[in-house]
Each structure stands twice: as C-alpha cells, then as structure tokens.
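These are my notebook entries on a structure that I had not examined before. Each entry records what I looked up and what I found.

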There are 2 protein chains.
Amino acid sequence: MTSELSPFEIRQQIRAGNFTGNTSGLAQGFVQGNLAIMPKEWANDFLLFCQQNPKPCPIVGMSTAPGDFLLNDLGEDIDIRRDVPRYRIYRDGVLTEEVQDVSEVWRDDLVTFVLGCSFSFEEALIADGLEVRNITEGVNVPMYRTNIACKPAGRFHGNTVVSMRPMKAADAIRAVQICTRFPSVHGAPLHLGDPAEIGISDINKPDFGDAVTIKEGELPVFWACGVTPQAAIEQAKPEFCITHSPGHMLITDLPNSRLAVL
Amino acid sequence: MTSELSPFEIRQQIRAGNFTGNTSGLAQGFVQGNLAIMPKEWANDFLLFCQQNPKPCPIVGMSTAPGDFLLNDLGEDIDIRRDVPRYRIYRDGVLTEEVQDVSEVWRDDLVTFVLGCSFSFEEALIADGLEVRNITEGVNVPMYRTNIACKPAGRFHGNTVVSMRPMKAADAIRAVQICTRFPSVHGAPLHLGDPAEIGISDINKPDFGDAVTIKEGELPVFWACGVTPQAAIEQAKPEFCITHSPGHMLITDLPNSRLAVL
C-alpha cells in the first residue's frame, strides 16, 4: 500500500481486509493512535488512570457512550471494530487472540479509548532536521520498564514504560522544545542521561522493541510510552479488553499539527 | 537597601550615590540588563554581532540615537550615565577605570546596548520550584569559555561563554521548557551533560565566577552567557567602551513576564 493514500482511504483498505500490516510511515502528517477498549465497568477507572498519568496515557479521543463503535470526532466513518489492521483480545488479562476485526466479539458495554502515539512527535522531530535513530536503523523503538510509578487509579497501577532515542545534547534540548508543543502525544521527555537514574540497568537490553546504536557524545533521551497503559491493563486483568497489536494503529483524520498546543 | 523598593526608587538611590553594590536579588520581578556602550563607529558592528548571536547577546533595549543617555523605553527617567551602580571603562580594550558615574566621560557619539541577563530566568526557575545552585550556595554562577564559535560580525568575534547550573535530568527538561519562553534572556540551554563536548576540560575550574557543587545524579546544564559580548569587546578593542561591572546591572521597569514570548 502506498503512503499517498488518505487516512480515509487507508481505513477503507483495512476494513476490506486488504491491509493488515504495521502502520508506521502511513498517512504522513496525520495522528495515529493506541487503542484500549474495555467494559464500562472498568472504563471509569481507566479514564481516571489516564487523567492522572497524561504523559504515558494521553487521550486523543474516546467513545461518547458505551457500545458506540463510531468515532466521528477522530475521522470520517471510523468504525473502531473494523478499521484497525490488527487487534489483540485479552480475557482476564491474558492475550487470547489476535484478529483483524472485532465485530464478532463487540459488546454493548464497551468503551473505546484512543491514546496518542510517538509517531506524531517523531514526525515533528524529523521535520525539524533531527535524526530518530530507530527510524534510521529501521527497527522498533527500544522501550524499557522504569522505576517511575504511575499514579494509581482504582484497579489500574504500575510503573511507567519509556521509549528511548539517543541524541546529541543540543538536539535533545531541541527535542524538548518540539515535544513540549505536543502534550497529547507524550509531550516532553521524562528523562535524559544516566539510565540507572530511572531504574534501567542495561540500555542495550530493552524490555520491548529493539536496541539501537548510541554513538559517542550522545545521551539517551527517554519519553513516556504508550506501552504503559497496556502494562497497567495486563496487571489489572479486566475480564475483557481489546487493544491494537503493537505498531498496528488507528489512523485518524486529525492533522498532527492539530495536537500542537502552541 | 531593602528589596522592597521599586526599580525607579532603586535607580534614584544609585544615582544619588547611596548604593554601589551588586544588584542580585533587588527589584524582584523586573528585568536587569548587561550594559555595553561604545562609539557609533563600532556600534553597527556590535549590533550585527548581537543580531547574529542572539543567545549570548540578546538585546532588550538600546539608545535611539548616538549620544542619547535617556532610555525611556526601559524605565522612567533612566539616565544610563548615572543609574548603574558600577561601570567599567575600557580604552583600546584595556580596563582602565571602575567608576560609579560616567557623566564626565560621556560623548556625543556613544551608543548604548542593554542585553538580557540570567537574573530573569533564574527567577522563573525558582518560581517554578527548581533549585538554582549558585543562589543556594550564595556564590557567583560558574562560567566557562567553550569551543562554540560565535558568528563573527565586522570586528567582533570569539567563542561563546556559558554559565552552568547543575540539575537532575527531569529539572533540566523543565528548565528547557521555562527558558524557551524567554529568548531575550539567553533562552533555552545550549548544552547539557558532558562538559568536554563543548570544550570544557574541568567543570570544577570555571573561567569566571565560582565553582558550585554538582551532586550525584545531576547533569551540568549550560546556558549562553552575557560575558560572551564582553569577551568579544575585549578582543575587538574599541578605542573607548563602557560596560557595567559584573553583577552591577541596570535595573529596568520591565516586568520579567514582559519578556516571555508565550
């Protein structure tokens, strides 16, 4: 599939079953989102968890009533049951299926959350001339569990997961400025420099994703990561939950620039 | 002198010769400025140098015509010949006198530049709850010559001088955000982390000011510094030049918040 298609056209291809891949690099300039869908009985706790932890869990959209599967605020004719290329279904906190359509398991009590993802700020960094190492090296961004506790909310709790991109100090300072404009896609970095300060023992062994090269004179720069809410969900073990499969995002009609607060 | 006096009242005390000290901590909330006064023949080059190097040389005000000694844009009844507590006079680049009044040596061809100073952003950092180590330890901020070349302009050239404040990484990130709002008082840091990357061989031996404690887990954070234009002036050796004596600033009527771009 070419990257020239509009978000709407890509979603139509996904809905038709013609595209089931990773959405990285597709629909340049448009917001892509992490997905979390759970029963109403759990949704209030999760909403509070996101509200309390906006850096790892920035909400860019949610369904307005339980059972709603149309997300018109995020894009034309979005049917959240069919427009994401790959879903994961969890039962009692255990991943049980990976599917391309969740119409069959949809329920009238499900509430949908769409959370900001790093694709948006990576695009802003690259547009400014900064290098994003995981993109240069063609791998998944390295992600690490930290000792930074999220604020607990109801049944949801856990530590923050971070993604890491190495940069020269001057570029890291510029990245802070750029990402500050985008609080709904994780905002400014949480940490930079010594990984041990946030409980990471080996920077070359990420807990998720792939290791990347850190060149001499570069600092590792750490952002709050959308894996944080997924980890909290796995710990909380709601009886039923749907997420996207990593890298297989919801592509919205929102321009990335629309998320800029300044 | 109490810190309760208004900027105008402090300047009147200075003009009357009742106060000749360091202005650090006076007139909280108001912009203080570095001073550079030189003959018209040199002023165009210097203006270009500042324009080319806005981080170390941010102009917050200048006289409108050669010989003007009133700076009404910066405050009520400012007479730049008498309202700074301590001046330095340079002849052919050599410091020849330190005086409390430059009325006697004033010339019809002198152009005045007032450049932003770190007092403004230190106040913003402290207001946000960050620690500024040189203030905690009651010493002058440590300053270092770097290998970061300024863009040359006419007869002015030289490397950037930086000031350093050690911080935890999360505070350094917050400091980048805060200082980005204040481009006319040096703006965001230039560098953080390894001092050797910008040509500083021993962080415990500043070239100007005093060393401060760097605690475990802290990064040195470096800002462009107002000593940069002074060093460029000393190298360029204009036949006549007046600056403030370090720490003895012009206190203006401008609220610090007026300098915020956002």
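I began with a rule for charges and rings: a charge sits over a ring if NZ of Lys or CZ of Arg is within 6 Å of the ring centre and within 35 degrees of the ring normal. The model is predicted, so local features need pLDDT of at least 70 and side-chain atom pairs count only at pLDDT 80 or more, while totals for chains, interfaces and linings use all residues. Residues are numbered from 1 along each chain as its sequence is written, chains are lettered from A and ligands numbered from 1 in the order in which they are written, and side-chain values use heavy atoms, with hydrogens and water left out.

**Entry 1: charges over rings**

I looked up two arginines of chain A. The charged end of Arg81(A) lies over the ring of Phe69(A), 3.4 Å from the ring centre. Arg155(A) places its charged end over the ring of Trp42(A), 3.8 Å from that centre.

**Entry 2: aromatic pairs**

Over all chains the structure holds 14 aromatic pairs. In one of them, Phe46(A) and Phe156(A), the ring centres are 5.3 Å apart and the planes stand at 70 degrees, so I recorded the pair as edge-to-face.

I then located the two partners, taking helices (H or I, at least four residues) and strands (E, at least two) as DSSP runs, numbered from the N terminus. Phe46(A) belongs to helix 2 (residues 40–52) of chain A and Phe156(A) to the loop between strand 6 (143–149) and strand 7 (159–168) of chain A, so this pair ties together parts that are 110 residues apart in sequence. For accessibility I used these limits: buried means under 20% relative accessible area, exposed over 50%, partly exposed in between (1.4 Å probe, protein chains only). Both Phe46(A) and Phe156(A) are buried.

In chain B I noted the stacked pair of Phe121(B) and Trp223(B), with 5.1 Å from centre to centre and 20 degrees between the planes. Phe121(B) is in helix 3 (residues 118–127) of chain B and Trp223(B) in strand 9 (residues 218–224) of chain B, and the two are 102 residues apart. Phe121(B) and Trp223(B) are both buried.

**Entry 3: a sheet in chain B**

Two strands pair if DSSP finds at least two bridges between them. Chain B has an open sheet of 4 strands in the order 6-7-9-8, with antiparallel pairing. Strand 6 (143–149) and strand 8 (191–192) of chain B are at the edges with a single partner strand each, so one side of each has no neighbour in the sheet. Strand 7 (residues 159–168) of chain B pairs with strand 9 of chain B over 7 bridges, in the antiparallel sense. Arg165(B) stands opposite Val221(B) in strand 9 of chain B.

**Entry 4: cysteines**

Cys57(A) is buried, at 1% relative accessibility.

**Entry 5: positive phi**

Most residues other than glycine have a negative phi, and most peptide bonds are trans. I noted Asp92(B), whose phi is near 55 degrees, a positive value in a residue other than glycine. Asp92(B) is in the loop between strand 3 (87–91) and strand 4 (94–99) of chain B. Its relative accessibility of 48% makes Asp92(B) partly exposed. Lys237(B) also has a positive phi, near 55 degrees, and is found in the loop between helix 6 (227–236) and strand 10 (240–244) of chain B. At 47% relative accessibility, Lys237(B) is partly exposed.

**Entry 6: Val212(B)**

Is Val212(B) buried or exposed? Val212(B) is buried, with a relative accessible area of 7%, and is in the loop between strand 8 and strand 9 of chain B.

Conventions
Phe/Tyr/Trp six-rings, centres within 6.5 Å; stacked < 30°, edge-to-face > 60°.
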